[in-house]
Amino acid sequence: MNPLWCEFTNAETKEFLSSLQWGDLSGELVMDVGCGEGDMSTKCILNLFPRVGKIIAIDIDPYCIQRSKILHKHKKVEYRRADVTMMDHLQRWGSHFSKIVCTHCITFIEEQERAFMNMFHLLQPGGEAAIFFALRSESDDVYLEMSKKSKWSKYFQNLNSQMVLKLRKYDAAYYQNVLEKIGFTVHFCTEQVAEYVYKSDGEYKNGVRDSTFIESIPKNLRREFVEESFSTFLKMHPRNEDGMLHFKYTMIRALLKK
């Protein structure tokens, strides 16, 4: 993953969590949903709330959990492989969490309502969930456009374009309605438009090389795919006045209470 993008999203997560007025979470049990390799949201929680009691950090990807246990081991963190949409993966913890953090994760979950419902059940009465995820992004335009081209379309069979398109139809009001039906009190559920500016053309190309999309492209075609993705991006999103590549995206920010 692009280290500059990781740094940028970590700063977003830190800013979001810092705005919640959660105190120091002294002694509290917190779940981090979609922890990845432990160097993003979990790290942010530890840095912001060093007096937290314990963090249960879950991710559906066993490779991420294995890496997190090796690279980001911490006495207050227990890394576990679990799917937030599967209650049988979660019921061992009961309804004992005072806080749940889920950042940059919901975008990739198809059964979002089930994920929200399971988070509701994991919280103790009065517990809160902080949700932060990308609703739509101009960066997805490139992959959707590339998937339409005859040369590349067959390699995009695993691209969840329908999910990308589905998310673009939703807004904050939709999510607030879903969350309230589940039983949450919604403190806020808002949209925030942000912009990412690449430091160089090479950063964009490296991002394509590191993306999950390119894994399905034959190795002898990857260089061409990267260059064509780059030219497609430029056509769809011209450089800014400083000559840099950039794109805008919309985030959902929500704070919920059980």
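Okay, let's start with a cut-off: buried here means under 20% relative accessible area, exposed means over 50%, and partly exposed is whatever sits in between. Keep that in mind, and keep in mind too that what we're looking at is a predicted model.

So, first stop, Glu 37. Its relative accessibility is 22%, so with those cut-offs it counts as partly exposed. And who does Glu 37 pair with? It makes a salt bridge with Arg 67, and the closest N and O atoms are 3.5 Å apart. This pair links distant parts of the chain: Glu 37 is in the loop between β1 (29–33) and α2 (41–48), Arg 67 is in helix α3 (residues 62–71), and the two are 30 residues apart. Arg 67 is also partly exposed, by the way, with a relative accessible area of 32%.

How many salt bridges does the structure hold? Twelve. I'll show you two others. Glu 78 bridges to Arg 80, with the closest N and O atoms 2.6 Å apart, and Arg 80 comes out partly exposed at a relative accessible area of 33%. Then there's Glu 111 with Arg 114, where the closest N and O atoms are 3.3 Å apart. Both ends are partly exposed: Glu 111 has 43% relative accessibility, and Arg 114 has 44%. Going back to Arg 80 for a second, salt bridges with shared partners tie Lys 54, Glu 78 and Arg 80 together into one network.

Right, on to helix packing. I've got three pairs.

Pair one is helix α1 (residues 3–18) against α2. Their axes are 10 Å apart and the angle is about 45°, and the two helices are therefore oblique to each other. The crossing of α1 past α2 is right-handed. Which residues meet there? From α1 you have Asn 10, Thr 13, Lys 14, Leu 17 and Ser 18, and from α2 you have Ser 41, Cys 44, Ile 45 and Leu 48. Sort that contact by class and you get four nonpolar residues, four polar and one charged.

Helix α9 (residues 201–210) and helix α10 (residues 222–236) have axes that come within 10 Å and cross at roughly 125°. That angle makes α9 oblique to α10. Again the handedness is right-handed, with α9 passing α10. On the α9 side the contact uses Asp 201, Tyr 204, Lys 205, Val 208 and Arg 209, while α10 brings Phe 225, Val 226, Glu 227, Ser 229, Phe 230 and Phe 233.

Gly 202 sits in helix α9 and is partly exposed, with a relative accessible area of 31%.

α6 goes past α10 in a right-handed crossing. The α6 residues in the contact are Asp 141, Val 142, Glu 145 and Met 146, and those of α10 are Phe 225, Glu 228, Ser 229, Thr 232, Phe 233 and Met 236. For this one the classes divide into five nonpolar, two polar and three charged.

Last topic, backbone. Most residues other than glycine have a negative phi. Now look at Leu 25: not a glycine, yet its phi is positive, about 55°. Where is Leu 25? In the loop between α1 and β1. Buried or exposed? At 1% relative accessibility, Leu 25 counts as buried.

His 104 is another one, with a positive phi of about 55° and, again, not a glycine. You'll find His 104 in the loop between β4 (97–103) and α5 (112–122). At 23% relative accessibility, His 104 counts as partly exposed.

Okay, that's my tour. Over to you for questions.

How values were computed:
Residues are numbered from 1 along each chain as its sequence is written. This is a predicted model: local features need pLDDT of at least 70, side-chain atom pairs count only at pLDDT 80 or more; totals for chains, interfaces and linings use all residues. Side-chain values use heavy atoms; hydrogens and water are left out. A salt bridge is a side-chain nitrogen of Lys or Arg within 4 Å of a carboxyl oxygen of Asp or Glu. Helices (H or I, at least four residues) and strands (E, at least two) are DSSP runs, numbered from the N terminus. Buried means under 20% relative accessible area, exposed over 50%, partly exposed in between (1.4 Å probe, protein chains only). Axes are lines fitted to C-alpha atoms, for helices over the stretch in contact, and angles run from 0 to 180 degrees between N-to-C directions. Angles under 35 degrees count as roughly parallel, over 145 as roughly antiparallel, 65 to 115 as roughly perpendicular and the rest as oblique. A crossing is left-handed if the near helix is turned anticlockwise from the far one by less than a right angle, and right-handed if clockwise. Contact means heavy atoms within 4.5 Å. Ala, Val, Leu, Ile, Met, Phe, Trp, Tyr, Cys and Pro count as nonpolar, Asp, Glu, Lys and Arg as charged, and the others, Gly among them, as polar.
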